[in-house]
Protein chains: 2
Amino acid sequence: MARRNANGRAAVTISHVAEASGVSRATVSRVVNGNASVKPEIAERVRSEIARLGYEPSPVAQSLSLGRTSTVGMVVPDLGNPTFQSILHGVNQAAASAGYRVLVADSGESDVDEPAIVEDLRRRTDAVIVCSPRMSAESLNAVIPRVVPAVVVNRDEPVPAARVVVDYAAGIVALGRHLVDLGHRRILHLDGPPGSNAQAARAVGLATLAHTYPDLVVLREPCGATIAAGEAAFERARASGATAVIGFNDLVALGLMGRAAEHGWRVPDDVSIAGFDDIPFAHLSRPGLTTVHVALESVGEAAWGALSHQFAEAVGADFRSFTPVLVVRGSTGPALPG
Amino acid sequence: MARRNANGRAAVTISHVAEASGVSRATVSRVVNGNASVKPEIAERVRSEIARLGYEPSPVAQSLSLGRTSTVGMVVPDLGNPTFQSILHGVNQAAASAGYRVLVADSGESDVDEPAIVEDLRRRTDAVIVCSPRMSAESLNAVIPRVVPAVVVNRDEPVPAARVVVDYAAGIVALGRHLVDLGHRRILHLDGPPGSNAQAARAVGLATLAHTYPDLVVLREPCGATIAAGEAAFERARASGATAVIGFNDLVALGLMGRAAEHGWRVPDDVSIAGFDDIPFAHLSRPGLTTVHVALESVGEAAWGALSHQFAEAVGADFRSFTPVLVVRGSTGPALPG
DNA sequence: CTATACTGCGAGATCGGTTTCTCGCGGCGA
DNA sequence: TCGCCGCGAGAAACCGATCTCGCAGTATAG
């Protein structure tokens with residue numbers, strides 16, 4: 001049975017072209033790929049038949065024959081999160097310029113489903129980028145060797161694959177230093193999701209800060225990663241007595257700032273507020289949000305770079321770290337005396 | 001040559017399982033797919049060999065054999081745009097629950113490349129979702145019949161495929177009515193990208209408004225679709241003498257509001273400002289941004305729904321329209337008397 | 001003038017599955 | 001006891017490409 005597309009037209013294959021041109025399939029393949037030498041006269045005839053029939057090679061058949069799909073997979077915990085969207089955008093841009101497509105999978109924040117999703121995706125693609133995996137270190141170490149070439153984004157522990165990370169700890173240290181310089185000695189950090197790698201890194205950075213400045217009091221309060229979480233943390237933030245608050249990310253910080261404005265808690269006169277990520281809206285608030293800029297699209301590009309590197313040579317695990325940079329805007333100011 | 005994965009381990013194929021179990025490949029296939037009858041004893045033996053060898057069928061080979069990839073493609077003008085990210089998220093969610101994956105392609109806002117991208121993507125997938133295509137109506141009408149099943153999102157002219165649209169015109173009318181009710185008689189609309197479908201729909205809505213309220217003056221000013229464009233439009237907005245300004249989207253409106261705050265143009269006392277889309281940040285500004293809510297994830301789900309409908313029966317073009325709803329916040333208020 | 005090299009192309013294997021066709025074998029009715 | 005039916009499983013075709021191998025035919029050297 002001739003395979004037909006949904007139009008009812010039979011799809012035109014290499015055999016049709018071969019028959020129409022009076023040559024073998026091998027020759028058509030040679031003409032299409034331009035590798036071996038074909039007599040110009042025949043090549044021309046084949047080309048004209050290709051044009052007449054509207055032939056295009058089937059990527060699926062090519063994939064099977066070549067053992068290569070020209071596609072890479074990317075697994076993210078939640079496509080709805082702007083962070084992962086930015087990274088995906090970066091990956092997609094870089095991959096597209098190398099003729100690769102990106103297959104996306106959303107693990108729905110499920111740590112147990114993740115290994116299976118990664119493996120399944122890898123079977124359809126030439127490599128996988130595992131972004132901020134929620135799975136345990138053991139699962140990660142078990143699954144990664146089965147799916148190389150692979151790149152892991154935003155996991156701080158070593159894994160048997162290339163790794164691209166954002167140095168959240170350094171970012172939080174830079175931010176803390178800025179606040180200390182402004183005279184703040186009682187700083188509150190609104191924590192993100194407990195299990196997340198980013199949160200663990202923040203905790204490390206905060207500990208470093210506390211160690212560096214003995215007279216600094218670093219408070220922490222469970223919060224979350226959303227605007228709503230930031231809003232909900234308002235009362236606890238005010239009650240903490242901190243003169244400066246760092247949100248887990250910009251969403252949290254902006255949520256908090258919104259509530260502060262409603263309740264007459266002036267920023268930065270009564271309290272300094274800072275965020276993390278430098279999303280496009282961070283500079284739009286009144287006052288503008290002091291935050292830490294993370295070049296997420298570059299992270300995506302770096303992830304692709306690590307993959308293409310593995311395509312070229314079967315080299316093992318390399319490592320790329322992005323250091324965020326402090327962006328000072330109006331939401332942080334001198335601590336109130338006393 | 002045995003195909004090997006990047007680990008150097010030979011990939012285990014159906015032939016290996018067949019040989020290890022002492023049966024034919026056909027029987028292994030039958031066991032895996034559970035279709036035809038296989039003697040329980042043999043089936044069990046095959047299953048245990050599958051488990052022992054860690055066999056999993058190759059999706060690529062299945063795709064070739066079955067003529068089905070269990071993947072749908074989605075083409076967007078710019079993955080960096082939150083609008084498309086939300087739609088993608090909706091599509092991905094819905095497709096995943098039906099066992100389908102989503103292959104994304106970013107056309108880079110290029111109207112000329114789009115048809116080729118769509119066709120290429122379709123060759124790798126079972127269907128395509130073409131989102132806010134920038135290509136001309138002729139190109140669209142030429143390419144769509146070649147790639148069915150297909151769904152076109154956000155194009156108002158009829159196309160030979162299923163269509164999912166957001167009724168931008170109705171949204172702008174609702175917004176305009178709200179402003180008129182507040183006493184505004186001179187309204188400025190900051191236009192979006194000239195070629196875009198959304199912009200054309202806005203123009204239609206604005207014309208309807210002008211026709212409905214004869215004493216209403218509707219001004220338009222070229223602007224764009226970004227925060228920066230909104231900021232850049234500030235001087236022209238103030239010079240226009242309008243008492244209310246509608247941004248092409250929330251980004252534009254928020255950009256404008258930022259500049260207004262800097263220059264002491266009070267919102268909503270001196271000017272009312274409204275946006276479009278109701279992005280998550282719209283309620284965070286001071287005052288909160290009046291806007292029109294568009295259920296983008298539902299749009300994505302509807303696009304998938306239209307596809308799966310076409311998978312089931314080879315039915316032609318159905319149509320889904322989403323009507324945005326007005327969300328009134330603090331950025332719009334009564335017009336100044338006089 | 002023959003032996004050798006090279007060029008251009010086709011036959012056929014291969015990738016890893018699914019599916020149709022066929023065949024052997026056992027049970028059952030006449 | 002013979003023949004028919006049906007079940008279970010293998011052989012082989014097929015999906016649509018790539019690629020190796022070898023065979024003609026021609027050019028070149030000895």
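Modeller: The account below begins with the contact between the chains and then turns to the domains and the backbone of the chains. The model is predicted, and every value that follows was computed from it.

The interface between the chains draws 54 residues from chain A and 54 residues from chain B into contact. The size of an interface is often given as the accessible area lost when the parts come together. For chain A and chain B this buried area is about 4,600 Å², and carbon and sulfur atoms account for 57% of that figure. On the side of chain A, the three residues that supply more than any other three are A:Arg101, A:Arg123 and A:Phe281, which give 15% of the area that chain A buries against chain B.

Four salt bridges are counted between chain A and chain B. B:Arg101 takes part in a salt bridge with A:Asp120, in which the closest N and O atoms are 2.2 Å apart.

H4(A) gives the most, with seven residues. By class, the residues on this side of chain A divide into 26 nonpolar, 15 polar and 13 charged.

S2(A) is joined by three bridges to strand S2 (residues 101–106) of chain B, and the two strands run antiparallel. Within this pairing, A:Leu103 has B:Leu103 in S2(B) as its bridge partner.

A contact within chain A can be set beside this interface. The domain assignment divides chain A into domain 1 (14–57), domain 2 (71–165 + 296–322) and domain 3 (168–294). The C-alpha centres of domain 2 and domain 3 of chain A lie 29 Å apart. Seven residues of domain 2 are in contact with six residues of domain 3 in chain A. These two domains of chain A bury about 560 Å² between them, with carbon and sulfur atoms giving 47%. On the domain 2 side, A:Asn154, A:Asp156 and A:Leu296 lose the most area to domain 3 of chain A, together 62% of what that side buries. The count of salt bridges between domain 2 and domain 3 of chain A is zero, whereas four residue pairs are in polar contact, both residues being at pLDDT 80 or more. The side of domain 2 that touches domain 3 in chain A has one nonpolar, two polar and four charged residues.

The peptide bond from A:Val267 to A:Pro268 is cis, with omega near 5°. A:Pro268 is placed in the loop between H12 and strand S9 (272–274) of chain A. In chain B, a cis peptide bond joins B:Val267 and B:Pro268, with omega about 5°. B:Pro268 is placed in the loop between helix H12 (250–262) and strand S9 (272–274) of chain B. A:Ser132, although not a glycine, has a positive phi of about 45°. A:Ser132 is found in the loop between strand S3 (127–131) and H7 of chain A.

Methods:
Residues numbered from 1 in each chain as written. Chains lettered and ligands numbered in written order. Predicted model: local features only at pLDDT ≥ 70, side-chain atom pairs only at ≥ 80, totals over all residues. Heavy atoms only, no water. Contact = heavy atoms within 4.5 Å. Buried area = accessible area lost by both parts, 1.4 Å probe. Salt bridge = Lys/Arg side-chain N within 4 Å of Asp/Glu carboxyl O. Helix = DSSP H or I, 4+ residues; strand = E, 2+ residues; numbered from the N terminus. Nonpolar A, V, L, I, M, F, W, Y, C, P; charged D, E, K, R; others polar. Pairing = 2+ DSSP bridges. Domains from an automatic or database assignment. Polar contact = N/O pair within 3.5 Å; in protein donor to acceptor, adjacent residues only side chain to side chain.
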